[in-house]
Amino acid sequence: MPRHKTYVPHGVIPAVLLPFDADLAIDEAGFRKHLRDVAATPGITAITINAHSTEVASCSLEEQRRVLAIAQDEIGGRLPLVNGIWADGSLEAARIARMAAEGGASALLVFPPAPFTLGQSPQMALAHFKRIAEATDLALIAFQYPLSTGQGYPKDTLLRMCEEVPTIRAIKDWIGNVPHHEWHIRTLQGLPRPVNVLSTHSAWLLPSLVLGCNGLLSGSGSVVPDLQAQLLQAVQTNDLAQARRLNDRIEPLMRVFYADPFVDMHNRMKEALVLLGRLPRAHVRPPLVKIGRAEIVRIRQALIEAGLLGNEAGRDAA
């Protein structure tokens with residue numbers, strides 16, 4: 001099966017959503033259409049699955065395997081697939097890594113284990129990544145959480161990870177601190193074996209990219225992959241005027257997507273795609289619940305402000 005073996009994570013990597021039927025089973029037809037829609041976007045370099053945006057925490061391993069198989073069948077011949085590794089234990093993380101490699105993934109997005117919220121040591125972080133690296137030679141993307149969560153990797157730990165685990169080729173940067181974010185960019189991308197910084201600071205994407213990120217990986221790319229690709233190109237060609245125009249279109253959506261409670265971000269993105277006629281429905285799995293009508297109205301208004309929806313156009317979210 002297709003596998004982009006030499007893929008080093010960079011550029012615009014949308015993390016797609018996972019639609020469900022009314023009985024909360026995976027809507028395979030809807031997922032295939034969503035994959036095709038996003039994959040057709042000029043300028044994107046890969047697509048991420050089995051991550052936050054696909055509600056991976058509520059998916060069984062067999063469902064994750066099926067999500068990868070569908071994505072591989074639908075778009076794997078055209079684009080590399082980044083498969084998320086969501087596991088609280090390193091043995092399970094390695095098992096998922098092997099599954100993803102066998103299924104044709106080209107890179108792995110490694111979420112930090114939840115037990116790290118109670119405290120971590122450099123040895124723990126290294127052991128986790130080394131166990132995954134022993135299971136597969138795929139490129140690894142370390143998901144860098146804010147340090148306040150306990151799941152983020154301190155600077156010294158992160159540098160040791162990059163030095164001792166050669167397959168770490170990028171980080172998905174959610175550090176939430178501008179000077180620390182800039183340190184990531186300057187330091188990691190300047191290593192003898194560079195580690196790309198992929199921003200996921202979607203709520204302030206323009207300033208993040210201007211600092212010099214080599215890409216972005218975000219669930220909001222499931223809705224505006226075209227605007228994200230154009231924004232990165234504008235930044236990289238030093239066309240600040242164009243970048244600001246694009247940012248002005250993106251900003252209304254980020255304001256509603258990343259409102260409190262933060263956990264509803266991908267829930268809101270599903271509603272946006274229903275309003276745009278790109279998904280048939282916006283079911284989410286518990287403990288997430290459907291958002292209310294007033295918030296859907298705000299999402300519709302943001303789509304209008306972004307120039308993605310006319311005042312009279314669009315479908316009701318369902």
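How many disulfides does a search of the whole structure find?

## Cysteines

The search turns up zero disulfides (a disulfide being a pair of cysteine sulfur atoms within 2.5 Å). Take Cys 162: its nearest cysteine sulfur belongs to Cys 213 and sits 15 Å away. Cys 162 is buried at 3% relative accessibility, and Cys 213 is buried too, at 4%. Here, buried means under 20% relative accessible area, exposed over 50%, and partly exposed in between, using a 1.4 Å probe and protein chains only.

## About the model

This is a predicted model, where local features need pLDDT of at least 70, side-chain atom pairs count only at pLDDT 80 or more, and totals for chains, interfaces and linings use all residues. Residues are numbered from 1 along each chain as its sequence is written, and side-chain values use heavy atoms, leaving out hydrogens and water.

## Val 284 in its loop

Look for Val 284 in the loop between α10 (265-275) and α11 (293-305). Helices are DSSP runs (H or I, at least four residues), numbered from the N terminus. Val 284 is buried, at 9% relative accessibility. Leaving aside residues up to four places away in sequence, Val 284 touches several others, including Phe 20, Leu 24 and Glu 55; contact means heavy atoms within 4.5 Å.

## Where α8 meets α9

Now find α8 (residues 225-236) and α9 (residues 240-257), which pack with their axes 8 Å apart at an angle of about 155 degrees. Axes are lines fitted to C-alpha atoms, for helices over the stretch in contact, and angles run from 0 to 180 degrees between N-to-C directions. Among the contact residues are Leu 227 and Leu 231 of α8, plus Leu 246 and Ile 250 of α9.

Note on methods:
Helices (H or I, at least four residues) and strands (E, at least two) are DSSP runs, numbered from the N terminus.
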